[in-house]
Amino acid sequence: MSTKLDFRRLRYFVAVCELGSFSKASEFLNVAQSAISQHVATLEEDLGVQLLVRQPRGVSRTEAGERLHAHARGVLHALEQAELDVLSLARAVVGPVMVGFNYTAMEAIGLPFIRRVVSTLTEVKLRVIEAHSEIMHQWMLSGQADLALTLVAPNDDRLEGVPLLDEELVCLGTRAMLGDGGPIDLADALRLPLIMPGRTAVLQALASDVEVRNAIAAKVYMEIESAIPLKRAVSAGLGVTIQSAALAGDEIARGELVARPVVNPTMGRTLYLVSSRMKTASRAVMEARRLMIDVVHEAQASGRWPGRWHDTHLETR
């Protein structure tokens with residue numbers, strides 16, 4: 001298979017993109033600026049597209065440059081993994097591992113997972129990223145993440161989504177707004193000021209039924225995408241939200257928020273561990289995957305992440 005891309009040009013191009021200028025890339029790579037500029041120009045010529053817009057104080061990426069940058073990061077990461085994985089057969093587990101978390105997973109087990117990796121995989125270079133589930137799938141496909149916890153099953157055959165946990169959703173709010181009661185009917189929850197993320201995919205993860213999803217969307221009076229500002233708004237008594245209890249475990253434990261299971265209908269979703277079918281996982285990725293399963297299972301068993309565990313997938317591939 002022939003290609004107009006090669007490792008050196010991709011490496012130079014990524015450095016220029018991420019450092020913002022040819023001069024900074026030259027200093028970082030210890031390569032003459034003229035050589036880097038020539039390689040990037042040749043890359044643009046070979047591909048027949050403009051990748052970078054040269055400006056007096058740096059560069060910016062064109063749309064084609066954005067696309068190539070995303071692919072190039074994945075390619076370079078895969079090459080680094082391949083080299084380190086082969087070398088690691090003779091020594092401890094080493095290499096980079098990029099892990100993506102949806103917002104609930106980050107709040108529930110992000111820190112415990114990071115601590116477990118740091119204490120167990122001492123020579124692994126961990127990178128953690130956080131985003132909505134559908135964005136995580138895109139990062140997986142471009143190679144920018146090796147593993148991801150998402151609340152939406154991947155719909156691309158190049159990705160594998162292993163169900164780990166089924167959880168029921170709750171209505172989160174202050175005691176003054178929700179009281180001390182048990183389950184709350186969805187209709188009653190929707191009579192309260194509702195704060196939710198605005199993305200369609202988030203609502204799809206909350207409710208598979210279109211009518212229920214539309215009913216929730218119609219009652220949202222404030223949209224906050226990020227988990228921490230959303231929790232702060234709810235804790236301040238500005239409204240309630242329908243989410244996972246795991247998103248606010250600390251706030252519930254401290255009594256700052258009350259969690260009431262939503263019923264009539266009950267609402268639930270599944271947590272998936274997503275990996276790539278396109279490439280062979282390195283030892284570092286396989287070990288990180290094993291630790292991630294362990295940490296999620298411990299959170300479920302302890303009640304920090306309430307839900308039903310899928311024990312058929314406890315083994316690490």
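Visitor: How many helices and strands are there in the protein chain?

Guide: Keep in mind that we're looking at a predicted model. The protein chain has 13 helices and 14 strands.

Visitor: What box do the C-alpha atoms fill?

Guide: Taken along the principal axes, that box is roughly 70 × 50 × 35 Å. There are 317 residues in the chain, and 48% of them are buried.

Visitor: And how do I read the contacts along the chain?

Guide: Take the contacts with a separation of 6 or more: residues 24 or more positions apart account for 74% of them.

Visitor: Now the strands. How do strands of a sheet pair?

Guide: They pair through backbone hydrogen bonds, either parallel or antiparallel. For a simple case here, look at β1 (residues 52-55) and β2 (residues 58-61), which pair in the antiparallel sense over four bridges. A hairpin of two residues joins β1 to β2.

Visitor: What is the order of strands in the open sheet of four?

Guide: Read it as β8-β12-β7-β11, and note that the pairing is mixed. The strands β8 (184-185) and β11 (241-243) each have a single partner strand, so one side of each is left without a neighbour in the sheet.

Visitor: In which sense do β7 and β12 pair?

Guide: Antiparallel: β7 (residues 170-173) and β12 (residues 258-263) are paired over four bridges. You can follow one of these from V170, whose bridge partner in β12 is P261.

Visitor: Which residues is H310 in contact with, leaving aside its neighbours within four places in sequence?

Guide: Those are P163, L164, L165 and D166. With D166 there's a polar contact too, made between the two side chains at 2.9 Å.

How values were computed:
Residues are numbered from 1 along each chain as its sequence is written. This is a predicted model: local features need pLDDT of at least 70, side-chain atom pairs count only at pLDDT 80 or more; totals for chains, interfaces and linings use all residues. Side-chain values use heavy atoms; hydrogens and water are left out. Two strands pair if DSSP finds at least two bridges between them. Buried means under 20% relative accessible area, exposed over 50%, partly exposed in between (1.4 Å probe, protein chains only). Contact means heavy atoms within 4.5 Å. A polar contact is a pair of N or O atoms within 3.5 Å; within protein, one must be able to donate a hydrogen and the other to accept it, and residues adjacent in sequence count only if both atoms are side-chain atoms.
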